[in-house]
Amino acid sequence: MYWKQTSSPGSSCIGQFSIWRAFLRNGIILSLIQVRALTKSIAAGARRVDILKGIDLEIPSGQFVAIMGPSGSGKSTLLGLLAGLDSPTSGQVLLDGEDITKLSEDQMAVLRGRKIGFVYQSYHLIPTLTAEENVLLPMELAGEEPGEAARARYLLGRVGLEDRRGHYPVELSGGEQQRVALARAFARRPSILLADEPTGNLDSASGQMVLDLLLELNREQGATLVMVTHEPSVARCADRRVLLRDGLIVAE
Ligand code: ADP
Ligand code: MG
């Protein structure tokens, strides 16, 4: 047995057999995400707020990591730094060995488009675009053409929304909007998927559906998944749980 069994018998964790276990079995671990001595402080008026106080974390390729911790502990800030949406005060974030904190905004945007999918708690769909156009957008921005319409339709079908293609976000329920956001996040086959409380705004039935789809799509793609969650039932499905408190990792 090379790994800990993380789910109790009888529970269903769709993403359970993630590819990092295959790597482990073969004795190869690719370290996809490396976080070194990462800090983030901001000036709030005359005061300085230390949001992250020195985070060290290595996430092998294909692993599913649940980030937990009380509100205000720095979870969203950490995820934003992993996506290069924000820059740290000090420390490094390496994706496949490349220090993204050294990249220009333009270089980071290209790398993000190529490697990273992001799912937010509040969906962040573009209100003036239909469901299908929202899913197409990342592919169009990247200048991809052959097969992009088919890929968007495949993904919308995959999340059960083929018949809602032409709907605008305002015409969709929260759960449906989040499913469109999932289709968009997977549009360019990211090797890293970051999700910040993706079911936080949903009732439990839609939340479960979104989560199942997220884990299924993730398993299909073999992406590394880092998910902020408060839900023990979700965390139980993860390969690993990391607990943040007050800007520090306090437990694994
Ligand atoms: P979490 O996602 O764990 O709830 P966040 O990463 O959103 O935590 O925030 C961590 C702490 O940093 C919180 O106390 C929050 O108020 C503070 N914070 C985050 N962004 C800002 C900002 N732009 N200005 C002031 N305080 C901020
Ligand atoms: Mg947060």
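Trainee: Where is Asp-246 found?

Mentor: Asp-246 is in the loop between strand 9 and strand 10. Strands here are DSSP runs of E with at least two residues, helices are runs of H or I with at least four, and both are numbered from the N terminus. This is a predicted model, in which local features need pLDDT of at least 70, side-chain atom pairs count only at pLDDT 80 or more, and totals for chains, interfaces and linings use all residues. Residues are numbered from 1 along each chain as its sequence is written, while chains are lettered from A and ligands numbered from 1 in the order in which they are written.

Trainee: Why is Asp-246 called partly exposed?

Mentor: Buried takes 20 or more other C-beta atoms within 10 Å of the residue's own, exposed takes 12 or fewer, and partly exposed is in between, with C-beta atoms placed from the backbone. Asp-246 has 14, so it is partly exposed.

Trainee: What is the phi of Asp-246?

Mentor: It is positive, about 55°, although Asp-246 is not a glycine. Most residues other than glycine have a negative phi.

Trainee: What makes strand 9 and strand 10 a pair?

Mentor: Pairing needs at least two bridges found by DSSP. Strand 9 (residues 240–245) and strand 10 (residues 248–251) have three, in the antiparallel sense. Arg-245 stands opposite Leu-248 in strand 10. The two strands form a hairpin with two residues between them.

Trainee: Which class does His-124 fall in, and why?

Mentor: His-124 has 14 C-beta neighbours inside 10 Å, so it counts as partly exposed. His-124 lies in the loop between strand 6 (116–119) and helix 4 (131–141). Its phi is positive too, near 55°.

Trainee: Why is Leu-225 called buried?

Mentor: Leu-225 has 27 other C-beta atoms within 10 Å; the cut-off is 20 or more, so Leu-225 is buried. Leu-225 sits in strand 8 (residues 224–228).

Trainee: Which residues is Leu-225 in contact with, leaving aside neighbours within four places in sequence?

Mentor: Phe-64, Leu-193 and Asn-218. Contact means C-beta atoms, placed from the backbone, within 7 Å.

Trainee: How do you know that the reach of helix 7 is close to the expected one?

Mentor: The expected span is 1.5 Å times one less than the number of residues. Helix 7 (residues 204–221) has 18 residues and reaches 25 Å from its first C-alpha to its last, close to the expected 26 Å. Its buried residues include Gly-207, Val-210 and Asn-218. Among the elements covering them are helix 5 (148–158) and strand 8. Just after helix 7, Gly-222 takes a positive phi of about 65°.

Notes:
Two residues are in contact if their C-beta atoms, placed from the backbone, lie within 7 Å.
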